[in-house]
Each structure stands twice: as structure tokens, then as C-alpha cells.
Amino acid sequence: MLTHLARILTLFHSIALLFAGCRHSTQTTLTIAGSTSVQPFAELLAELYSQMHPGVEINVQGGGSTAGIRAVQNHICDIGMCSRHLNPEENNITAITIALDGIALIVHRSNPVENITLEQAKAIFSGKIRNWQELGGENRTITVITREEGSGTRASFEEKVMGEGHFAPDALVQDSNGAVREIVANDPAAIGYISFGLIDERVKPLALNSIIPSEKTIKDHTYPLARQFLFLTCGEPTPLARSFLDFALSPKAQGALAEEGLIRVK
Amino acid sequence: MKERLIEKGLLIVALSALGSLLLIAVFIFAEGMPLIVKTGFKEFIASTRWAPTKGSFGILPMIIGSLQVTLLSLILGGSLGLACTMFLAEFAPRWAVRILKPLIELLAGIPSVVYGFIGVVVLVPWIRNTFGGPGFSILAASIILGIMILPTVIAISLDALNTVPLTYKEGSLALGATRWQTLYRLLFPAARSGIIASLILAMGRAIGETMAVIMVAGNALLISASPLAPVRTLTSNIALEMGYAAGDHQRALFATGVVLFIIIAILNTIALLTMRKKR
């Protein structure tokens, strides 16, 4: 068993070396891996970058923030993606914030509830508060909507709101921000969570701990569900990685990210 | 010589169809079985907790959800379809059949996402406002699926009824039986195998349908006897979480496919056996 493991590890090591070896000649392939929240935006940036630099191939892979950090530390990928804060022991990594995002709790426009606390949010999504009356609203059973397992928005929401708690079993599960918004827009009893930038006039965002989600409260991190999207490198980035990181902060890229609903940093 | 060549050629083509089935089966099992073995088959199908990114792989809610939705849609679509078949076979004037039959067959050509969309826009709010609850429910999925299986039920059972020799019917009517008695006591039993076949095919369609069900079933990991409760089916589970699944999570989705495969095989076997017994 152990020798097997050792053999596999050696294999991985040699593959990693192979990648490292390739890297120094004129590199044409860039590998980006990590957070699934950042993944769609990295894919968008990769597409734009490839249009400007034909011949460059960019692979964007998921796996989660932690996997992204490990991958970049082990030089398995060129750039890691991360949607959470870095732990203190992850200090050998250079992080660049490419955009900010907030997760907003949304309800139907007719819902009189304006503000809830983080604890109440947790109680709603874990099924302990089941009626809007308990929150000062009308006598309606709450329709809870969450995202599918594996979604980055769900992972962030779990981390920041749910903690160790589980989602209520009768919570509806939808596989996109848009689907959640659609249900909330039509169901007076619904509550869901979506990316801040995708709020539109058909739904009403709730204040959390009395702080309304806005560009300002997300930027200064007073809004409790603000998160930052990071690109990570470990050691000296390759010229291609450097060029891609510079592109991510360029006005064109930032504009594209803002159009997708994120808050630009530049 | 030419005859043999064509025979062999057809054999190869036929085998390639079978081969692709085999390949799919092998692939699904190869990807899914390791996780089932790791989790334990019993745990995998009997545990109610599904949190694949946290190492819990229990698909019981989805198994029950699939069966509930399939059964209710067969009850709704099957009874409506058979009533429609009876009408078209015996009571409808010929011009009406000529218009209705192609129209019903047209139902089969509508993409499932359109059914799902109509479900979300019309059916779900109607259920929410009429019966309460979130609207996304077993009932909504079953009604949509019931409509989707209509063309299968009607086309095949109508063909079966039409293949019953005309002399049976003439004999029965000549003996003084009414049209309804003839249909119910004679034609239906005579066409039974074809009618059961139509229901089996409809069941396969219902249990395998994904897109429309994802849109209206609510996808909650809930076990509930209420038709107004939201559920997740096995197929929805795979399609819903496919996007970002990696590692064990992805294998768990293939394992869901393995269970679906086994369930369909069991249901088809039961259906075939009952068909044979009653003949």
C-alpha cells in the first residue's frame, strides 16, 4: 500500500517537474485552477485574453479555493483562483484582488421585511424560522431557495452564514443566480441569495445586520457577506502569467467583470 | 454473395448499436462503482444525507423522488392517454381522428425545455396560489411529465388496438354487445400487450426526463408523501450538480447514474414479466 502511494507520488512529482520544465521556453499554455466562484469570470478573462493573443491557450479548472492554493503552491498551475481570505500560514503566496463581490439575500418586492441578522439568516436557511411572521412580515410559510452543491456562491454562503449548520431539507435548489432570482421575483414568500451585481428591480435585497449591500459597503467590508476574488501566484510568475495578471487589472478586463455583476477594483 | 454481404453488414450495424449501449454501461459503472464500494452500497442508497462536498453520499431522497414523480405521471398521463386512445379508436368520427392523431404526435416534437418553461410560468404559480406551498412540487413535475408521455401512450396503444382483427369486433357487436362493452371486454384484453408496452415506454420516458423536471420539481432533498412537496429526481441530481463537480463528487454523480440504470433495468424486467404472465 505504502509503496504504491510512494510510486504515485513520484509519478505526480515527475509530472510536476515536466510542467515546470516546459515553463521556461516560450510558454503558450497557461493553467488556472481553484475557486469555482471565480471560475466563470476567469474563463471570461481567458477568452478575452486569447482573442488578443492568438496562439495562447488558457486552461481554467475548478476544484475550489483550497485546491487552487495548493495547486499554485506546488506549481501544478500557473495562477490559482481563490474566493476566501488567505490563512496566515498561506503567506508564501502573492494574491491580487481582481474584483469584489457580495452575496445579497433577496426577497419579493412586496415583502415588508427590510432587515435581518446573520443569526436569523442562518435560522431561515436551516429551517428553524419557517414563517415570515417571526421576522415581522406577513403570515406566510417561507420558501427557502439555495444553490446546488458545488456552486461557489453556495460554498461562500455556507462558510459565512451557515457555519456547521445544514440547509433545510425542503429548501428548493436551483443551479444558477438567474433561476434563484426568477423564483424570488414571482413568489411573495421566497428568500434566496445571489451575487450582488445580479440584483435587479424585480427583487428586493435585504439589509444584513442593518447594513444594506451596496458597492460602498462591500468595498469597505462592512457588509457581512462581501468576498473578494483573488488570483494567486507563488514565487516569480512566468512572463505569460505576469501578462495575464496585468490584463486582469486592465480597464477592458475590469469593465467586462463589472458587466457580469462584479465590483471593479481598478 | 451479395445477399450474405448485406446480411453481415446489417449484423455489424446492429451490433454497433448494442456495442454503444455496452460502452455507456461499462463507462458509467467504471466511474461510479468505486464510490459506491467506498461508501457502501447500503449506505449509498439508504442514507438520506446528500452533501457530496462534505463526504456524505446518500441518495434515498432522490430514489424516492424519482419513483413518486414517475408513478404519479403514469397515473395522470396513462389514464388520460388511454381515455384518449379509446376515444380515437372507437368513438371519434374519422375526420376527427385525422386531425387529432397528428396533433397528439406533434406533442412529442416539443423540446422538453419548452414544457419546463410552461411549467414554471403557468403551472407552478397556479399550484402555489391554489394549493399553497412553493408550487415547485411532485405534482407540477408529474403533470408536465404526464403531458409529455401522452404521445407515447396514445400512439402505441392505438396501434395495438387497431391490430386487433376486425372480425372480433364484428362478432361482438353482432352478439348484441354495446361498443363500450366490446371495447372494454374484448378489444382491450386482446391488445393488452401493446397497451402495457406503451405504458412501459412512457415510464422510461418519465423516469429519464431531466430538463423539464429540474425546472419544476424544486430539487429539494426532501422525502415527503405530499404531492405538493418539492423533490429531486435521480436524473435532476446528475444534471444539477454536473457543472462544478470534481473528484468524489463527480464519481457520486456517476454512481447516481448506476443506481438509475439498475432501477430502470428492474422496472423493465418486472414489466416484461407481468406482460408474459398475463398472456
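1. A definition to start us off: two strands count as paired if DSSP finds at least two bridges between them. That matters for G102(A), which stands opposite A226(A) in strand 11 of chain A. Strand 4 of chain A and strand 11 (residues 226–234) of chain A are joined by nine bridges and run antiparallel. Please keep in mind throughout that this is a predicted model.

2. Strand 12 (residues 263–264) of chain A is joined to strand 4 of chain A by two bridges, in the antiparallel sense, with I263(A) as the bridge partner of L100(A).

3. Next, have a look at helix 4 (residues 118–125) of chain A, where A121(A), I124(A) and F125(A) are buried. These residues lie on the same side of helix 4 of chain A because they cover an arc of only 90 degrees around the axis. Among the elements that cover the buried residues of helix 4 of chain A are strand 4 (93–108), strand 6 (143–147), helix 5 (152–162) and strand 8 (190–195) of chain A. Just after helix 4 of chain A comes G127(A), with a positive phi of about 90 degrees.

4. Where do the chains meet? The contact takes 16 residues from chain A and 22 residues from chain B. On the side of chain A that touches chain B, the elements that give two or more residues are strand 2 (57–63) and strand 7 (172–174) of chain A. By class, this side of chain A has four nonpolar, seven polar and five charged residues.

5. Chain B has 12 helices and two strands. From the N terminus on, its elements run α-α-β-β-α-α-α-α-α-α-α-α-α-α. The C-alpha trace of chain B spans about 70 × 65 × 35 Å along its principal axes. Of the 279 residues in chain B, 39% are buried. Among contacts in chain B with a separation of 6 or more, 73% are between residues 24 or more positions apart.

6. The largest nonpolar core has 139 residues, and those with the most contacts inside it are A140(B), I144(B) and V216(B). Helix 6 (residues 138–162) of chain B gives the most to this core, with 17 residues. What does I144(B) contact, leaving aside its neighbours within four places in sequence? The list is Y115(B), G116(B), G119(B), L123(B), A212(B) and V216(B). As background, nonpolar side chains in soluble globular proteins tend to be buried together.

7. Finally, helix 9 (residues 192–208) of chain B has 17 residues and reaches 24 Å from its first C-alpha to its last, close to the 24 Å expected at 1.5 Å a residue. The buried residues of helix 9 of chain B include I195(B), L199(B), M203(B) and I207(B). S198(B) and R205(B) are buried in helix 9 of chain B as well.

How values were computed. Residues are numbered from 1 along each chain as its sequence is written. Chains are lettered from A and ligands numbered from 1 in the order in which they are written. This is a predicted model: local features need pLDDT of at least 70, side-chain atom pairs count only at pLDDT 80 or more; totals for chains, interfaces and linings use all residues. Helices (H or I, at least four residues) and strands (E, at least two) are DSSP runs, numbered from the N terminus. A residue is buried if 20 or more other C-beta atoms lie within 10 Å of its own, exposed if 12 or fewer, and partly exposed in between; C-beta atoms are placed from the backbone. Two residues are in contact if their C-beta atoms, placed from the backbone, lie within 7 Å. A nonpolar core is a set of buried Ala, Val, Leu, Ile, Met, Phe, Trp, Tyr and Cys residues joined through C-beta atoms within 7 Å. The arc is that of the directions from the helix axis to the C-beta atoms. Ala, Val, Leu, Ile, Met, Phe, Trp, Tyr, Cys and Pro count as nonpolar, Asp, Glu, Lys and Arg as charged, and the others, Gly among them, as polar. The expected span of a helix is 1.5 Å times one less than its number of residues.
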